[in-house]
Amino acid sequence: MNDKYQDFLSELQNANESERDWLVMEFSLQNLSEVLRQAVLAAAIPHWFDHAYLNAVLGFPLKDEDFSALTELSFVEVFPERGFNVHERSRNLLLDYLWKNNKARYQKLSKQASAFCKKQDQTIAAWRVESIYHGLLANHTTAKDSFIEQGLNWLNRFQHDSLEHLTQVVLAPVNSGKLSGEVAAWAAFLQAQIDILYSRYSSARDFLQLTLKQKNNKFLVSSCIKSLGDIHSHLAEYDQARHCYQQAQSIFRQNKSRSGEAECIRALASIHRILSEYSLARDCYQQALTIFQQELDPWGEANCIQGLGEMHGFLGEYSQAQDCFQQALIINRQIRNFLGTASCTQYLGDVSKNLAEYDQAQDYYQQALTIYQQIKDPLDEANCIQGLGDVSRNLAEYDQAQDYYQQALAIHQQIKDRLGEANCLGCLSVLHGAQQKIELAAITLDQAAQLYEEINNKNSKSFCIGNLGVLYLHQKQFGPALLAFNQAIEIFPHVNFYQNRSELYMQIEDYPAAQADIKQAELIGAYSAYTLLIKAEYALWQQQALQAVEFSQQALAERPADGNVRAFFALTLLADGQAQLARAEMEQALTAIYQKHEFDYLLDALNKLTRIYGHLAEVDVLRGQILNRYQTR
Amino acid sequence: MSIANYKEHRKAFSALLEADCSKPILLFKGESGTGKSTLMEHCRTQIQQDIHQVSVDLRSTTNAMQIFLQTGRRLSWDCFDNFQLQVGELNRQFNINVNGNTQAGVGNMINVELKALFDNTTPDQRAERYSTLTNAWAEDINKLDHPCVLLFDVYEQASSEIKNWIDGDFLGCVADSQKMRVVIAGKSVPESFGWNHCCELKKLYGVHEAEEWLPVIQAMGRIVPAQNPIDFLAGICLALNGNPAAIVKAIENFPRIQ
């Protein structure tokens with residue numbers, strides 16, 4: 001038998017593992033004609049080829065029989081709908097060989113491939129990617145800019161499948177050392193954006209670290225650090241996220257990229273918001289807003305105004321919140337941002353709900369819900385339904401509220417939104433409390449708290465515990481209520497917990513402790529209407545009726561639709577001897593009071609008033625008004 | 001076509017074609033050159049006439065929409081009433097107007113409607129619409145008279161969007177279906193607990209035994225260029241670590257049968 005085969009086997013046996021593949025390929029090439037050998041090397045250049053494409057890469061027409069012989073080789077396979085391709089492993093061997101031994105030829109073949117691809121329909125992503133790829137390897141002067149421009153274009157237009165195809169194709173020569181520098185850095189950066197999008201944070205971080213090695217392009221470096229901040233934020237590593245955003249912002253500023261700077265400030269606002277640092281978040285939104293307005297960026301502008309509205313809402317500054325959402329709504333409608341339009345409308349619903357303007361709230365929620373359903377946004381759809389549930393609950397329409405909450409809960413569970421699920425359970429527990437199903441309410445609250453714990457959302461967990469406190473307070477179980485408020489404050493010292501605890505202290509007549517909590521609530525400064533109301537209550541029980549009237553009047557000015565605030569105003573008027581006015585105010589207030597515990601509170605307060613002030617004229621009339629309304633509601 | 005060994009893999013595929021098949025998902029996992037595509041090609045040839053089949057090469061498939069279109073073309077759009085209704089319904093829901101398009105034919109119209117549905121959409125919106133359409137599409141396949149085998153090759157090169165669709169909506173539907181059978185080959189393959197109970201994973205480690213290559217050599221019209229063919233082949237197999245692509249490449253340089 002022929003010695004060349006024995007020699008081949010011996011060579012294989014003596015070679016190390018990495019050399020063996022090439023020895024087989026070399027043996028194959030040696031057994032081919034010169035033309036076919038050239039054709040094999042040229043065929044390895046593109047990701048696929050047909051006869052015309054291969055002719056263009058080769059630079060001369062290949063005879064039909066040679067093309068046919070090429071496609072019959074074992075390492076050439078059919079590429080569906082496009083022709084053929086050299087098998088991945090063999091292609092890599094051939095490309096590495098050519099790059100190492102004849103780089104000029106590699107670049108020439110790539111140049112010819114690029115010229116052919118550019119003549120094809122560039123609206124087809126596969127041809128566009130192939131043109132860019134060959135242009136980069138041919139070292140075209142414009143190729144780098146085309147690559148970056150196309151990548152960013154696809155990223156900004158949500159064409160992630162095309163972008164991913166481009167980055168994968170470019171990263172292969174980057175990994176084998178054929179492309180480096182800025183192209184490699186951009187490929188890694190763009191791939192990181194895809195990874196972030198698909199929640200592959202570890203891989204994204206690795207790509208961003210690679211990008212950061214390219215220190216010359218400051219825009220890229222700052223964008224990269226901003227993206228690292230986004231990853232930290234997704235992973236709830238807020239300190240690191242904040243550090244990254246601040247660092248990126250500084251570089252953007254040094255390089256006079258105003259929109260980059262504004263994006264970082266807006267991201268910082270989101271972190272402050274997550275950490276319930278509302279004043280800081282508000283400042284950041286304001287700063288970013290100024291820049292977006294200067295840069296004539298209506299999307300950024302609308303987002304920041306909306307963010308400002310949310311912060312005002314969180315701080316109980318409802319009138320300012322309303323103004324912001326109305327402004328943002330106008331811009332979102334102008335730029336046809338349907339999601340923004342829907343969320344601003346939903347927030348307006350939230351504000352109306354918090355101001356006890358329930359008809360208006362329902363109207364807003366229904367409008368937003370319609371848009372969310374049209375644009376298929378199940379998460380916000382569920383939140384809207386939950387808002388409708390809150391309104392029904394506040395109106396004591398408990399069956400309707402239960403329906404809404406169950407609908408919202410089902411959507412949250414279906415889309416695996418655990419935060420939404422926990423929020424919904426929290427709402428259901430408050431509903432159970434209002435229905436006097438105390439045990440069920442406590443169990444449901446506990447489920448919500450566990451979910452918050454699992455997703456590491458401590459602030460929301462504290463609200464769960466705070467709500468449990470309110471539930472006990474309504475039941476006059478002061479010990480467990482106090483324990484719950486203390487625990488909630490320990491986790492997250494929110495103003496509501498101090499307000500509720502001071503209410504509890506007043507009920508057990510520990511006025512110094514109540515006063516201390518009122519001072520603390522004033523110090524925090526948010527939800528001023530409620531703070532004014534508890535100050536009014538404190539003054540009333542301290543027999544300072546005139547002061548109580550003043551405070552409750554101020555609270556009412558902030559919440560004119562709130563029946564509970566107006567009813568308390570009526571009590572202070574009664575204590576101040578303005579019986580007729582008290583009666584009129586109570587009459588009006590009772591049209592906007594719906595829930596049992598609210599009536600209970602008023603009756604208790606009337607008794608306490610009698611105890612402290614003696615029997616006042618019209619007390620029995622007011623009691624009669626309340627009982628009558630309670631029975632006929 | 002001739003294929004060296006992988007008997008166990010071929011047997012698993014035969015089981016997939018059985019009427020009472022309990023594991024309708026078959027995964028072939030192996031490194032480059034271990035013969036996945038050849039095995040897939042072999043599987044295709046084993047499918048009887050009365051079983052529907054659709055082959056998808058994931059290198060040239062950029063989104064799930066193309067898979068719907070390919071299935072419609074292959075099996076005939078008449079089988080996909082439910083799917084077509086759902087596409088129309090979604091377009092109406094999102095106020096997408098595709099009237100005035102002059103392209104004729106059901107396939108072209110669906111192509112236009114699908115494209116309109118997915119143009120300028122966020123990944124979340126796309127995923128949501130894919131879910132709705134996949135359910136309708138699977139429902140249509142479940143109504144077919146005969147089983148339908150879907151073969152996906154080069155899984156590792158699929159886009160993230162397609163991988164998410166395959167791993168989630170698609171294989172979820174297959175797990176609940178009496179009619180759908182799926183084979184997926186790749187250097188990596190889908191993983192999920194959701195449908196793990198109805199999935200068979202077969203790894204490809206190469207073909208190391210010299211004897212297994214004799215029928216392949218014969219089918220390629222070659223002879224082993226050595227006094228002792230088995231020893232020579234064993235040397236080749238050992239040196240090339242049983243990698244079928246490399247071994248076939250060596251074999252095609254053997255002398256032809258005169």
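These are my notebook entries on a predicted model with chains A and B.

**Entry 1: the interface**

I began where the chains meet. Chain A and chain B bury about 3600 Å² between them, and 54% of that area is on carbon and sulfur atoms. I looked up this value because the size of an interface is often given as the accessible area lost when the parts come together. The contact draws on 43 residues of chain A and 42 residues of chain B.

Next I asked myself how many salt bridges there are between chain A and chain B. The count is three. One that I looked up pairs B:Lys187 with A:Glu88, and their closest N and O atoms are 2.9 Å apart.

I then went through the elements on the side of chain A that touches chain B. Those giving two or more residues are α1 (3-14), α2 (17-30), β1 (76-79), α6 (88-101), α10 (160-175), α11 and α20 (358-374) of chain A. Of these, α2(A) gives the most, with seven residues. Sorted by class, this side of chain A has 20 nonpolar, 11 polar and 12 charged residues.

**Entry 2: a network with members from both chains**

I stayed with charged residues and turned to B:Arg59. B:Arg59 forms a salt bridge with B:Asp57, with 2.9 Å between the closest N and O atoms. Both B:Arg59 and B:Asp57 are buried. Salt bridges with shared partners join A:Glu77, B:Asp57 and B:Arg59 into one network.

**Entry 3: B:Gln70**

I picked out B:Gln70, which sits in helix α3 (residues 64-75) of chain B. Is B:Gln70 buried or exposed? Its relative accessibility is 19%, so B:Gln70 counts as buried, given that buried means under 20%. A polar atom of the B:Gln70 side chain lies 2.4 Å from the backbone oxygen of B:Ser55. Setting aside neighbours within four places in sequence, I found B:Gln70 in contact with B:Val54, B:Ser55 and B:Val56.

**Entry 4: nonpolar cores**

I moved on to the cores. The largest nonpolar core has 81 residues, and A:Phe49, A:Tyr53, A:Leu54, A:Leu70, A:Leu94, A:Phe147 and A:Val170 have the most contacts inside it. Helix α11 (residues 181-197) of chain A gives the most to this core, with 11 residues. Another core, of 50 residues, lies apart from it and includes A:Tyr538, A:Ala548, A:Ala570 and A:Ala579.

I took a closer look at A:Tyr53. Beyond its neighbours within four places in sequence, A:Tyr53 is in contact with A:Pro46, A:Trp48, A:Ala113, A:Phe116, A:Cys117, A:Trp127, A:Glu130 and A:His134.

I also checked A:Ser223, in helix α13 (residues 218-234) of chain A. A:Ser223 is buried, with a relative accessible area of 11%. With neighbours within four places in sequence left aside, A:Ser223 is in contact with A:Phe189 and A:Phe252.

Over all chains, the structure holds 37 salt bridges.

A:Asp517 is in helix α28 (residues 511-524) and A:Arg501 in helix α27 (residues 495-507), both of chain A, and the two residues are 16 residues apart. Here both partners are buried, A:Asp517 with a relative accessible area of 5% and A:Arg501 with 14%.

**Entry 5: positive phi**

I finished with the backbone. Most residues other than glycine have a negative phi. A:Phe158 is not a glycine, yet I noted a positive phi of about 60°. A:Phe158 is in the loop between α9 (143-156) and α10 of chain A and is partly exposed, with a relative accessible area of 37%.

A:Lys476 turned up again here, with a positive phi near 60°. This residue is in the loop between α25 and α26 of chain A.

Methods: Residues numbered from 1 in each chain as written. Chains lettered and ligands numbered in written order. Predicted model: local features only at pLDDT ≥ 70, side-chain atom pairs only at ≥ 80, totals over all residues. Heavy atoms only, no water. Helix = DSSP H or I, 4+ residues; strand = E, 2+ residues; numbered from the N terminus. Buried < 20%, exposed > 50% of the residue type's maximum accessible area, 1.4 Å probe, protein only. Contact = heavy atoms within 4.5 Å. Core = buried A, V, L, I, M, F, W, Y, C linked by side-chain atoms within 4.5 Å. Buried area = accessible area lost by both parts, 1.4 Å probe. Salt bridge = Lys/Arg side-chain N within 4 Å of Asp/Glu carboxyl O. Nonpolar A, V, L, I, M, F, W, Y, C, P; charged D, E, K, R; others polar. Polar contact = N/O pair within 3.5 Å; in protein donor to acceptor, adjacent residues only side chain to side chain.
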